[in-house]
Amino acid sequence: MSETRRRGVELTNAIYRATEKIIDLEGMEGLTFQKVADAAMTSKSVIYRRWQSPLELAITAVQDRIRRDNHGSMDDLILTGNSLKEDLLQVTDRFLISVNIMGKTFIRGMFVESSRQSGQILQRLIDQNSAIDLRLIDRVLQRAIDRGEHLRPNISHELKLLPFEWVRYNVFLQKEIDQTMCQMLVNDILLPVYLDK
């Protein structure tokens, strides 16, 4: 334990960096509160007060990494396309970067760990991410309407979440996703679903 006790953002950052390092070296199965506490030079009780389980800590640490490496969350994405197609490509490219930062090994490990627990943590994460994804797609679709593009009326939440669920599904199947696949997703699946022709 260090002589000067860290607090606030400094302590949180130290905990997140320690968590990331352990996951990178040992995977999700190697992550324990004791290891994080030792690496972050804090006490295990400090960590227990803020996170219910190593899985919950891992999720928040990886979300923090995505915000740092991806210049903010998906809510912060500034859309610059001149068409629905361009905005959707920007969204899928950005989401793919987030998935790559998170890492396929972590994503699979997260599902394994959540199956050993009640699943409530994973469900909460899915609900939070779905809310963010819906806000972003609503912005994309509103921009299309403002440009005069003709959209199908009453697009369901399920269809709005389609691009994100498609990427997650393919990651779970350990498939490589590249820009060509994202273009196929936008051109062959999303545009026919969203546009009213």
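1. Start with helix α2 (residues 33–40), where F33, V36, A37 and A40 are buried. "Buried" here means under 20% relative accessible area, with exposed over 50% and partly exposed in between (1.4 Å probe, protein chains only). Looking down the axis of α2, you'll find its buried residues within an arc of 100 degrees, so they line one face of the helix. That arc is taken from the directions from the helix axis to the C-beta atoms. Helices (H or I, at least four residues) and strands (E, at least two) are DSSP runs, numbered from the N terminus.

2. A word on the source: this is a predicted model, with local features needing pLDDT of at least 70, side-chain atom pairs counting only at pLDDT 80 or more, and totals for chains, interfaces and linings using all residues. Residues are numbered from 1 along each chain as its sequence is written, and side-chain values use heavy atoms, leaving out hydrogens and water.

3. Just past α2, have a look at M41, which takes a positive phi of about 55 degrees.

4. On to the rings: there are three aromatic pairs in the structure. Rings of Phe, Tyr and Trp (its six-membered ring) pair if their centres lie within 6.5 Å; planes under 30 degrees apart count as stacked, over 60 as edge-to-face and the rest as tilted. One of the pairs is F33 with Y48, edge-to-face because the planes sit at 85 degrees, with centres 4.8 Å apart. This pair links distant parts of the chain, helix α2 and helix α3 (residues 44–50), 15 residues apart. F33 is buried at 5% relative accessible area, while Y48 is partly exposed at 49%.

5. Another pair is F95 with F164, also edge-to-face, with centres 5.1 Å apart and planes at 85 degrees. F95 belongs to helix α5 (residues 84–102) and F164 to helix α9 (residues 162–172), so the pair ties together parts 69 residues apart in sequence. Both F95 and F164 are buried.
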